[in-house]
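Here's a structure to look over with metal and ligand sites in mind. Have it open while you read.

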Amino acid sequence: MKRPVGITVHRQITDSQQMHKEATGDLSGLLTELIVAGKIISAEVNMAGLADVIGDSGKTNIQGEEVQKLDEFANNTIKRRMARSGFVCVMASEEDDEIIPAREGYEGKYTLAFDPMDGSSNIDVNVSIGTIFSIHHRKSQEGQGTLQDILQPGNTLVAAGYIIYGSSTMMVYSTGHGVHGFTLDPSVGEFFLSHENIRVPERSKYFSVNEGNYHYWSPVMRDYIQYFKEIDESSGRPYSSRYIGTLVADFHRNLITGGVFLYPSDCRNPDKPQGKLRLLYEASPLAFLIEQAGGRAVNDAGQRILDIQPESLHERTSLILGSKQDIDVLESFLGKK
Ligand code: AHG
Ligand code: MN
Ligand code: MN
C-alpha cells in the first residue's frame, strides 16, 4: 500500500520551533516527552478491556472521586517521564493534592498542569477518554518550581492540548499559532497531521450539557440553554443535543463540527459559584485552544476563562465554550447587551 508522505507531529513541532530564533528546543522536547507518554497511555487504554486496568484503584482523590486504575496509570506515566525530562520545574495533576516538583538537578524552564485521564466515569464503558495538558513559562528564576509558577492565568499559556483516546488516538495542540490535530497510526507508532489549522465554525449545530443538573442552574442559564432548543430556522435552531460526559470528547466534537459546551455553576450555594470542572487543567487549556481556533470560552458570568487568575490548585469554574456567535448570545441573557 503506497503511504502518503504524512507530516509527523515531530516535524510540525520542529517547524514551529524554527519560527522562534531564540528557541532552545526545550518546548519541543517537552511536547515530545508528552507524546511518548500519550502513546504509552494509548496502548494501555486500548488494552483496558483485556489487561487488568479497568475498575477503580480503591483510592479516592482530593476531588473526592474514586481513582480509576487507568487514572493512576496515566498519572504515574506522565509524572515519572516529565519529572526527569529536564524541561519542567514543577507540575500539577488533578490526581495529586499538592504540586509535584521536578527531580533534583532536572529542573527546566516550563511548568506543566494536567488532567491525566479525563472522563474516568467512561473508562469501563469503552467511551472516549483523554489527557489534557497546559504549559507555562516558570516565573521563579531557578531551582525547584513553586505554587506561584503553577498558578498562572490562561492568558500566559505557552502551549496547551489534549490526547483523545477514541475510535482513533489523536493529539490536538497549539503553541499559539493555530490548532493542529494529529492521528496516531498504531502500525508505525507515529502521529500524522490529519487536521491542519482547525477553525471552529462561528455558529454551531450542537449544544452539550448535562440536563440532569437543570434544577441547579441559575434562571439565566436555564433561559440561555432553552434558547438552543427553540425553533428558529434562520439560525439553524433547534440545535441537536450531544453529551458524552467526557469533557475532551465533547470539546473535540464541538471543535470540529461547531457547538457549545456548558457546565454551569451549581447555584445551590451562590456565594461560592462553582461548576464541576477545574480551571487549571481542564477549563484553561481548552479555552486557550478554542480561542486559537476562533471560538470563545467564558464562565457563566460571562468572564473570559483565560483572564481568571487561579487562587488554588484545584479551583473549579463554570465553563461555557465553543462557537463564537453562540457564546456572544450569552451576553444578551446576562443583560450586557
Ligand atoms: P474527570 O474524569 O477528569 O474527573 O473529568 C470528568 C468531567 C469531564 O470529563 C466531564 O465533562 C464531566 O466530568 C462530566 O460531569 P457529569 O457527569 O457531572 O456530567
Ligand atoms: Mn477531567
Ligand atoms: Mn481526570
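## Ground rules

This is a predicted model, with local features needing pLDDT of at least 70 and side-chain atom pairs counting only at pLDDT 80 or more, while totals for chains, interfaces and linings use all residues. Residues are numbered from 1 along each chain as its sequence is written, chains are lettered from A and ligands numbered from 1 in the order in which they are written, and side-chain values use heavy atoms, with hydrogens and water left out.

Start with the manganese ion (ligand 2). Its protein donors are Asp115 (OD), Asp118 (OD) and Glu282 (OE), sitting 1.9 to 2.2 Å away. Donors here are N, O and S atoms within 2.8 Å of the metal (3.2 Å for Na, K and Ca), and since water is not among the atoms, sites may look incomplete. Along the chain, the donors of this ion follow the spacing D-x2-D-x163-E. Asp115 belongs to strand E5 (residues 110–118) and Glu282 to helix H7 (residues 279–292), so this pair ties together parts that are 167 residues apart in sequence. Helices (H or I, at least four residues) and strands (E, at least two) are DSSP runs, numbered from the N terminus.

The manganese ion (ligand 3) has Glu94 (OE), Asp115 (OD) and Met117 (O) as its protein donors, at 2.3 to 2.4 Å. In sequence those donor residues are spaced E-x20-D-x1-M.

The cut-offs: buried means under 20% relative accessible area, exposed over 50%, and partly exposed in between (1.4 Å probe, protein chains only).

## Around ligand 1

Ligand 1 is surrounded by 18 residues, and the closest are Asp118, Gly119, Ser120, Tyr243 and Tyr263. To count as near, a residue needs one of its heavy atoms within 4 Å of the molecule. By class, the shell has six nonpolar, five polar and seven charged residues. For that tally, Ala, Val, Leu, Ile, Met, Phe, Trp, Tyr, Cys and Pro are nonpolar, Asp, Glu, Lys and Arg are charged, and the others, Gly among them, are polar. E5, strand E13 (260–263) and strand E14 (277–278) each put in at least two residues, with E5 giving the most, at three. Domain 1 (9–195) and domain 2 (206–333) each contribute at least three residues to the shell; the domain bounds come from an automatic or database domain assignment.

Now the polar contacts (pairs of N or O atoms within 3.5 Å). A polar backbone atom of Ser120 is 2.8 Å from an oxygen atom of ligand 1.

## Helix H7

Back to the helix that carries Glu282. In H7, 12 of the 14 residues are buried, so the helix is largely enclosed by the rest of the structure. Among them are Leu279, Leu280, Tyr281, Glu282 and Phe288. Gly294 follows H7 and has a positive phi, near 95°.

## Loops worth a look

Where does the cis peptide bond sit? It joins Arg237 and Pro238, with omega about 5°, and Pro238 is in the loop between helix H5 (219–227) and strand E12 (240–241).

Asn126 has a positive phi of about 60° although it is not a glycine. Its place is in the loop between E5 and strand E6 (129–137), and at 76% relative accessibility Asn126 counts as exposed. Asn197 has a positive phi too, near 50°. This residue lies in the loop between strand E10 (190–195) and strand E11 (206–208) and, at 39% relative accessibility, counts as partly exposed.

Glu104 is in the loop between strand E4 (100–101) and E5, and its 65% relative accessibility makes Glu104 exposed.

Terms used. Polar contact = N/O pair within 3.5 Å; in protein donor to acceptor, adjacent residues only side chain to side chain.
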